[in-house]
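Welcome, and please open the model in your viewer. We will take it one selection at a time, starting with a pair of helices and moving on to the cores.

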Amino acid sequence: IDVVLLDINMPEVNGYAVLAAVREDPRLAHIPVLIISGGGDQDDLVRCIEMGAVDYLPKPFNQAVLRARIGACLAQKRQRDHERQLLHASTQPAAPTLAAPLSVWQPPPAQAEDPRAAVPHDPMPARLGRIILGRPLGSGGMGDVYLGHHELLDLFVAVKLMRPELTALSNARERVLREARLAVRLAHRNIVRLLEVGETDSGVYLAFEYMSGGTLADLLNRQPGRRLPIASAVRIAADVAAALGAAAELGIIHRDIKPANLLLTPEGEVRVADFGLARQVLASPDPKATVDTSVVGTPLYMAPEQLILGSRLDTRTDLYALGGVLYEMVVGHPPFGKAAPGAPTIAGGFGGSTPDVFHHVANTEPVPPSRFRPEVTPELDAVCLRLLAKKPDERFPTPEALLAALAAMVPPAP
């Protein structure tokens, strides 16, 4: 069995019981389950994802979309099966292929995981409700992120806490709450789950599931030349595309896809995080788009239309950013960023100040990845360059279309 397609609304059969049985059977634990349902209820979606389904399609659905989703599930399963074989294979040197050795997915060096043993940083409170706060994990423009332990759930969480100096600003509070409202609607295997929202004297806080595998940026920084095996890069891109597809179905665009916002489980699965800059598509002459009234995002991954105030953005803007991430995973640097030390370069390399990056994003065609890495196939070159097209109409129209292209590039397991 390669994939299970399950209708949870079958007559005289409890689809949830079937899903639970599949997930609990150790012989089937690695088989992806794709749910279809005529109910289309948000609670159904959340319940199925929490029970271990990899994706969910409400009826009626487009057959092309279904084929693309199944193709993506099969591609990811083939790659993971192959990595499992590599893990248990003999110590003979691996032949040079597109397959990714499992060592790529090793988590960062172990750190003390019990936040109760960490010293809180003043003026951070020692706890927020039922969450005991520990060591810092990172920071951003709106707040800091800490490792925490949720006492009731007995679960480690990543807690995003608004900066104290921003608590008096109503727009800052609303931005954090907007992220929460969007995140809670995004129930998908490749999107970080929001577990709790609260507000104290210290401000609004969001508690997300904790991903101990670090970020894609961390993973790239541990690799020689900041490159991944090509099959691993394709697989990660497929995971992100699946997440973007789920967001697009709800009319949500992320606007800040980048390696630092892509988290990894210890097994190497990807979770898209940080919807702080996300927007829900507004009603407009083009129902797919929302008007961008401010320039936001990370310059190295911003699409040309993000540089122009008043531009209409849609999911193709996120696909451009994913193209930048895929390019970086394959080449070692973003399309218009400087190469890492030791990475191959070409004459007339890019990089420099933010205005320089913006100039290249708007006016310069990216160099095909194969110029830096000869083993890149023409098909992967074409996917990267199509994602990075200056005009949205020249990119993949949907994440599902990208998934279909990526699925065709994953080599079958030997």
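Axes here are lines fitted to C-alpha atoms, for helices over the stretch in contact, and angles run from 0 to 180 degrees between N-to-C directions. Helices (H or I, at least four residues) and strands (E, at least two) are DSSP runs, numbered from the N terminus. This is a predicted model: local features need pLDDT of at least 70, side-chain atom pairs count only at pLDDT 80 or more, and totals for chains, interfaces and linings use all residues. Residues are numbered from 1 along each chain as its sequence is written, and side-chain values use heavy atoms, leaving out hydrogens and water.

**Select α7 and α9.** Their axes lie 8 Å apart, and the two helices pack at an angle of about 140 degrees.

**Show the side chains between them.** On α7, pick Leu 319, Tyr 320, Gly 323, Leu 326, Tyr 327 and Val 330; they meet Leu 380, Val 383, Cys 384 and Leu 387 of α9 (contact means heavy atoms within 4.5 Å).

**Now the largest nonpolar core.** It has 54 residues, and Leu 326 and Leu 380 are among those with the most contacts inside it. Such a core is a set of buried Ala, Val, Leu, Ile, Met, Phe, Trp, Tyr and Cys residues joined through side-chain atoms within 4.5 Å, where buried means under 20% relative accessible area with a 1.4 Å probe, protein chains only. Helix α6 gives the largest share, 12 residues.

**Finish on Leu 402.** Its contacts include Ala 241, Leu 322 and Phe 396, not counting residues up to four places away in sequence.

Notes. Buried means under 20% relative accessible area, exposed over 50%, partly exposed in between (1.4 Å probe, protein chains only).
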